[in-house]
Structure formats: structure tokens, C-alpha cells
Amino acid sequence: MHIVICIKQVPDSAQIRVHPVTNTIMRQGVPTIINPYDLFALEEALKLRDVHGGEVTVLTMGPPMAEDSLRKALGYGADRAVLLTDRYFAGSDTLATSFALSQAIAKIGETFGRPDIVFTGKQTIDGDTAQVGPGIAKRLDLSQLTYVAKIASIDLDTREIEVARRAEGGTQLLKSRLPCLITMLEDTNEIRRGSLQQALCAARSQVVKWTAADAGIDDLTRCGLRGSPTVVKRVFAPTARAESAAQIDTAERGLQDIADELIADILTRRPALEHELAFNSGT
Amino acid sequence: MSTASQTTPRIAPGRAGVKKELPDRFKDYRHVWVFLELERGNVHPVSFELLGEGRKLADKLEVQLAGVVLGPPGEMVEDAAAEAFAYGADLVYIVDAPPLADYRNEPFAKALTDLVNTHKPEILLLGATTLGRDLAGSVATTLQTGLTADCTELDVDSDGSLAATRPTFGGSLLCTIYTLNYRPQMATVRPRVMPMPQRVDKPVGRVMRHKLSLVEDDIVTKVLGFLPDNQSAMANLAYADVVVAGGLGLGAAENLQLVKNLARAIGAEHGCSRPLVQKGWMPANRQIGQTGKTIRPKLYIAAGISGAIQHRVGVEGADLIVAINTDPNAPIFEFAHLGIVTDAIRFLPALTEAFTRRLSPHSRDKLAS
């Protein structure tokens, strides 16, 4: 089977800092990582290939430096990597992004064989929208299976797939058909350590680099800023509350004393809580 | 892969400078719609929260507020419509057909897309639930319009455009996003981000019914079953009245037991900040913040949490926020109501004991009565 997995190179959010005066993001020196949610999908793709045979193609759209994350994916054991990079993609919102990626996936299908499954992570940690996966599914007319917790079975002869997906208030068991798009839920598996051989392979192998034209995109008005219906008008830091927290004095006092004062303060501000807490309390 | 994460006005002045020139084909798009999510026979509370917001937007625009109900023919759909009126809708669109009994993307996306193309709303709001996100993403793609995810504030601009504000850059800043030249302007909002509006018993208003232009045989995906969550094992953080949460200040995974002990003593739910989930100290369904659960409890106690914006937007709706942190300059003290500069690891056991002492007589009364 042929599996395409879309990943994104994101800034390591734990290390993002905002400039205290200008409120701009300080990008300098922030390390980049593969979007952590994508790793659950990548591992699932690699496991399926191990069982069913075939190839895993990893795809990303981004600046030239996004090649680093593709090499990492090759190091984990992906068979092929495609970098979609072009200045026309700059400023893409989710609609323009899913357009470019779906065009590239179609081209990957023509060039390397039609994919049976396209994977994405549940969402990215920088955008958090979870919209690109459904966008790709709609554009390529793939069965859309989001928030998949487990792939129960795949039958390559009948082209049937059964999955468990996270739904509101429970788990939905679905039967669908290939080709499909799966967004993989977090904590579903753990990314493997690539072998030394794979690491060497990753360092040597070529990353396929495509411009918009290479990916077969003729209509550049659907890419980047021009192809994005959403417009970011304003970026700002939230305003602080008029007054900051009332501090409870902790100097030279026992912890029990402080705790009692805190509880008294809580109940003075919200008297109704006494009943609430007592009622809830299991003791 | 959002707009927000890739551009800011400073970086791409061209984008922020985009002018509103609404094409003629969108000029008759009017009214505000809220998608009502049916969950196992009940309307998801986020839909009512959205009707409250939708009402405000519709009043500002001087247009109508409509609810959209998709489901199987029968009582469930009719009840949901009645609830939509009780929470402020002027009219309700219903598509009822057997394939809409359980959520699946194909029939729901088809029904909603067809409704939009027929009746042309200017604003369409959905809950940012697993269902709402699954549906909104594909509907916006088919309609080729803008969709802003996980908004924390919705407003109408002086020229009538929807101003949708959401956290960006992993929750370190906020940004306001517009869909200037496409319609409808779509947005999702997470549960509990908006307050629950007052329910007012009202007679059922105008209901518009539509047929689903799909039959079961057209639909590839079939539902084999549904396993409801084990309620006792699952965190019901979003709707809990009292929440205790821990952050990196707790220092080690085993210290989360201190948070759980306090939560148990006062009948609260427990949770954590994002770094703890990333470290694997707590499961993702306990995460509080922009990418986890948004909470609006009566009391929120944050222990060893510094208060990054992505956490802040998830807890700001709490009535009373108590912060315990060793760092007097931690941002959490800027939005907490009560603060204690001390080590949570030492203080939590003392607080648990003090609460137990204070509350146990009442509980004994309760047991005796």
C-alpha cells in the first residue's frame, strides 16, 4: 500500500518568547520540531507499512529549512520525502494550505502511485485549527476519518477500513472505504527509534523538492496570501486585569495559618461555595 | 497550519492591508446562523453558548438569528428546535432524514452546505468540538470561505464584518481575523468559552424544513457502533464547578498526587497545564487551556502554574481564581483573584488539611440528615 503523511515543521512552543515591548514573536534561536501530533500519525503509517508492505511518503509545505523535519521523518523510516516550497505559498491560511497540499498529493499519486491512505496529525501546536486534514479530504474526495484512536482493520482486497474515532461523549466505530484521510489522535502510539541504517539512509537520500509549478499548480491565485480568504488584521497581547491578585501574606507564618486565611478569603468572596464544597466533599 | 501562525501585520503588511470589496455574488448573504449539535439525543451545551453570542451579533447587525438542526426524523430534532427558540433563535432550519441519525461527515457536510447555498447566511458559528471541527473544516472547503478556529471573542466591526479573535503562536498572543471578501464568515468556539445565556420559555417560531439530497446508499462511511465514555473514569473538567490543577512548579510527576488529594477532599475535578501533558505526567483529557479544556468553574485553584496566555484563555471564565506559585512575578498573578507566593508542594497538603477540617462537620451533618 502507499501511504502519504503530511507533517509540519513548527517552532518548539515551549521556547517561544514574546518581546515585552513590541509584542512581536522572538523567533531568533527558537528550535523547530516536527509537530508532535504528526508523530502519532507517522508511527501509525510506518506500522501499517510494516504489516501490509508498500511505501510511506512524507510531505510537508514550508520554507527550504523544513527539509530538516523531512530528514527526521526519513530517519524514523519513511521511504520518501517531498518538500513543497515556493514563495507563492507564503502567508497561506488553512484553505490555501489544504489546496496546495492536495495538489501535491495528487501529483505524488501520479508520480509514485496513488495513495491508499493520507495521514495528518490531529492538529498543529502552532495553529491549533485542525482544519487542514478535512480540507485535504474534501478536495481529494477521500473518506474523512478524523480523531482516529485505533485502526481496527484494513482489507486491501475489499478496500474496507474499520476505525475507532473519538467523538463527543464516546468512541464511534466506523466502517469506511479506501482511499481515506485519517487524522490521528494523540497518545495512540509512540514514535519508534529509527535504526542506524535508516539514519544513514536519511542523511544520504534525496528530498524531492517541488515548486508550485512542479506540483502541477497552475492557478497561483489560490495559493498563499491571495488564496487565503482570512485576513489577520491585528496581533496583540491581552490586556492585564485592572488589579492583580490580592496576595495573602506568607511571611513568618505557619502553612496551616495561611491555608485557613485563604479558605476564609475564598468563602468571603464566594459565600455560596461553602455549601458547594461541603456538598461535593466525599469525606 | 493556520493563518495566524504564519503571519502578523508586522511580518506581512500586505495582508492586513487587504480591503473589503465584497463581490456582488455575496451581497445578499444575511443573517447569523448557529449549528446545533445533537449529542446522543441532547443538544450540546456549546450550541446554547453560541446562540447567546449569535444573538448579540445578530442584534448589532439588525438581522435574524437562526438555528440549524440536523438529525433523524422525530422528537429529538423537534425538541432541539424548541430549545433553539428558548435560547434566542428567531427561526430554525431543520433537515431531518434517517442518514443523519449518527454523525458522519458526508451527510452532515452535504446537508449544511446545501442549506448555506440556499439561504445564504453571512455568519455561521459552530462549536469547536470533535464533531464541529470535523464538519466546519469540510464545509468551509466546499464553500471556499474563511474559517477561524477556536475563537475567544466575536464581535461585529463598524462596517458589519465579523471580527474573530483567537490566541495565536501557541497561545502567546491574540489575533483578530476577518473573512472580508467571502461568505459566510465561519468561526468555531470551544465549549465554555462563552457564558451560558438565560433560557426563556418561548413559543416555537418559524421552522423551515429541508430534505437531505443524499440517501444511505450514497454514503460510503457506515456507523458500526458507539461506546459511551465511562463517566466515572472520564474527566468532566469543562463543566465542573470546582477545579484544582497543577503545573510544572510541582517539579515531579508524583507530586500530582497532592493536586488529586486536594481535589478529592473538596469534591473537585483535577487537571493540569500543557507542559505536564507533553511530559506525559497526565493524560491529554486533563489538560486545561487553549489546546485542552476551557473551564468556567466557581472556584479554580492553580498550583505551580505560571499562567501562559494559552492557559489563561482557558480559565479566565472562572468566578474565582486562586494561584499558588513561588515566583511573585508569574503571569498567573495578573489574572488570579487571590495569590499566595509559596511552594505548592508544601502548601497543598496544608490546604487539603485545612479544607478537610473546615468542611467535614457539614458533611457529617449531611450524612446524618
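Into which domains is chain A divided? Chain A is divided into domain 1 (2-222) and domain 2 (240-283), bounds of this kind coming from an automatic or database domain assignment. The legends below describe a predicted model, in which local features need pLDDT of at least 70 and side-chain atom pairs count only at pLDDT 80 or more, whereas totals for chains, interfaces and linings use all residues. Residues are numbered from 1 along each chain as its sequence is written, and chains are lettered from A and ligands numbered from 1 in the order in which they are written.

**View 1. Domains of the two chains.** In chain A, the C-alpha centres of domain 1 and domain 2 lie 47 Å apart. The assignment for chain B gives domain 1 (3-7 + 25-218) and domain 2 (237-368), and 33 Å separate the centres of these two domains of chain B, taken over C-alpha atoms. The contact between them takes 11 residues from domain 1 of chain B and 11 residues from domain 2 of chain B, where two residues are in contact if their C-beta atoms, placed from the backbone, lie within 7 Å. On the side of domain 1 of chain B that touches domain 2 of chain B, the residues divide into 4 nonpolar, 4 polar and 3 charged; here Ala, Val, Leu, Ile, Met, Phe, Trp, Tyr, Cys and Pro count as nonpolar, Asp, Glu, Lys and Arg as charged, and the others, Gly among them, as polar.

**View 2. The contact between chain A and chain B.** Chain B contributes 103 residues to the contact and chain A contributes 88 residues. Helix H10 (residues 344-368) of chain B gives the most to the side of chain B that touches chain A, with 14 residues; helices (H or I, at least four residues) and strands (E, at least two) are DSSP runs, numbered from the N terminus. By class, that side of chain B has 48 nonpolar, 37 polar and 18 charged residues. Strand E11 (residues 170-177) of chain A and strand E13 (residues 222-228) of chain B run antiparallel and are joined by 6 bridges, two strands being paired if DSSP finds at least two bridges between them. Within this pair, Lys175(A) has Lys222(B) of E13(B) as its bridge partner.

View 3. Because 7 of the 7 residues of strand E10 (residues 173-179) of chain B are buried, the strand is largely enclosed by the rest of the structure; a residue is buried if 20 or more other C-beta atoms lie within 10 Å of its own, exposed if 12 or fewer, and partly exposed in between, with C-beta atoms placed from the backbone. Leu173(B), Cys175(B), Ile177(B) and Thr179(B) point one way from E10(B), and Leu174(B), Thr176(B) and Tyr178(B) the other way. Strand E14 (residues 230-236) of chain A pairs with E10(B) in the antiparallel sense over 6 bridges, with Thr230(A) opposite Thr179(B). Strand E9 (residues 162-168) of chain B also runs antiparallel to E10(B), joined to it by 5 bridges, and there Ala164(B) has Ile177(B) as its bridge partner.

**View 4. Helix H2 of chain A against helix H5 of chain A.** The axes of H2 (residues 67-76) and H5 (residues 196-204) of chain A come within 7 Å and cross at roughly 145°, where axes are lines fitted to C-alpha atoms, for helices over the stretch in contact, and angles run from 0 to 180 degrees between N-to-C directions. Arg71(A), Leu74(A) and Gly75(A) of H2(A) make the contact with Gln198(A), Ala199(A), Cys201(A) and Ala202(A) of H5(A), and these residues divide into 4 nonpolar, 2 polar and 1 charged. The buried residues of H2(A) are Ser69(A), Leu70(A), Lys72(A), Ala73(A), Leu74(A) and Tyr76(A). Just after H2(A), Gly77(A) takes a positive phi of about 125°.

View 5. Six strands, paired in parallel, follow the order E15(A)-E18(B)-E17(B)-E16(B)-E14(B)-E15(B). Strand E15 (246-247) of chain A and strand E15 (269-272) of chain B stand at the edges, each with a single partner strand, so one side of each is left without a neighbour in the sheet. Strand E14 (residues 242-246) of chain B pairs with E15(B) over 4 bridges in the parallel sense, and Val244(B) stands opposite His270(B). Helix H6 (residues 255-269) of chain A lies across strands E16 (299-303), E17 (320-325) and E18 (338-341) of chain B, running at about 170° to E18(B).
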